[in-house]
Amino acid sequence: MSDNYDVIQVTNVTKSYSLGSGEVEVLHGIDLTVRNGEFVSIMGPSGSGKTTLMNLIGMLDSPTRGSVRINGANISGLSQKELVKLRRKEVGFIFQQFHLIPSLTAYENVALPLVFAGEKNDGAVESAMERVGLSYRMDHKPSELSGGEQQRVAIARAVVMRPKILLADEPTGALDAATGARIISLLKSLAGEMTVIMVTHNRELAGHSDRIIELQDGDVREQGEQQIRINESKMGVIV
Ligand SMILES: Nc1ncnc2c1ncn2[C@@H]1O[C@H](COP(=O)(O)OP(=O)(O)OP(=O)(O)O)[C@@H](O)[C@H]1O
Ligand SMILES: [Mg+2]
């Protein structure tokens, strides 16, 4: 496969959640294509469906209608077992709260995905720690690290399996401005090696990505050629 291909293809995707007796439609027919190695930011007001969209791309959830293709594979056609396998191999996640395990060292936290996948560590942990500039903090527990360092450990854990896609949901939300900017530089340096999709409320930080996708008030707004549509005005309870 050439390096320049569509790693993510979201086509006419709707997503509804069951709520009491009815359903709430959150995504109303989204089209989005992301090229291999791109760095894309997703912005939009709270509740506009950013995390919902990330969960679909990350194969944590499946669309109500439409298709999500990761590396050409339609995720709706995969069994739970195949999904888990594809997700472990192709996707790394980071979040606002770093979700490190407090009782484990930085090294052990980064090694966890290898343990879950039953893979040997052939230097992958060391190389991921080096990639985020934390080789000298291997034996520190999360409580012995700064917020920025904890997020870098979380990034090392997300990339240790060398995924094609790195999903970052508000990765700088818990960090001060200077530390957040350093995390964005790190994500930018990882893009190219992998595709990076970041949700952020910070327009200045989003400006460092290749393009910005906006989910807002039913408007389609994007800096770039791809289009995405989330129609909040149509949001409501459907039976
Ligand atoms: N599991 C669920 N069941 C029912 N409704 C849900 C569920 N998850 C999300 N929603 C609803 O879907 C809408 C979109 O939620 P989502 O978390 O995707 O928003 P967001 O854009 O990430 O917001 P924020 O910026 O606050 O993180 C919200 O109105 C939320 O209440
Ligand atoms: Mg969210």
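Which residues is leucine 167 in contact with, leaving aside its neighbours within four places in sequence? I started my notebook here and found Met54, Ile57, Gly58, Val91, Phe93 and Ile197. Contact here asks for C-beta atoms, placed from the backbone, within 7 Å of each other.

**Ground rules.** I am working with a predicted model, where local features need pLDDT of at least 70, side-chain atom pairs count only at pLDDT 80 or more, and totals for chains, interfaces and linings use all residues. Residues are numbered from 1 along each chain as its sequence is written, while chains are lettered from A and ligands numbered from 1 in the order in which they are written.

**Overview.** I counted seven helices and 11 strands in the protein; these are DSSP runs numbered from the N terminus (helices H or I, at least four residues; strands E, at least two). Of the 239 residues, 36% are buried, meaning that 20 or more other C-beta atoms lie within 10 Å of the residue's own, with C-beta atoms placed from the backbone. I also noted that 69% of the contacts between residues at least 6 apart in sequence join residues at least 24 apart.

**The core.** Next I looked up the largest nonpolar core and found 58 residues in it. Such a core is a set of buried Ala, Val, Leu, Ile, Met, Phe, Trp, Tyr and Cys residues joined through C-beta atoms within 7 Å. Leu167 is among the residues with the most contacts inside this core, and so are Val110 and Ala156. Helix 5 (residues 147-159) gives the most to the core, with six residues.

**Helix 5.** I checked its length: at 1.5 Å a residue, its 13 residues should span 18 Å, and the end C-alpha atoms are 19 Å apart, which agrees. The expected span takes 1.5 Å times one less than the number of residues. Of the 13 residues, 10 are buried, including Ala156 and Arg157. The buried ones pack against several elements, among them strand 6 (91-95) and strand 7 (165-169).

**Strands 6 and 7.** These two pair in the parallel sense over five bridges; pairing needs at least two bridges found by DSSP. Phenylalanine 95 has aspartate 169 in strand 7 as its bridge partner. Four of the five residues of strand 6 are buried.

**Ligand 1.** Which element gives the most to the shell around ligand 1? I found helix 1, with three residues. Residues around the ligand (C-beta atom, placed from the backbone, within 6 Å of it) include Tyr17, Gly49, Lys50 and Thr51.

Note on methods. Buried ≥ 20, exposed ≤ 12 C-beta atoms within 10 Å, placed from the backbone. Contact = placed C-beta atoms within 7 Å.
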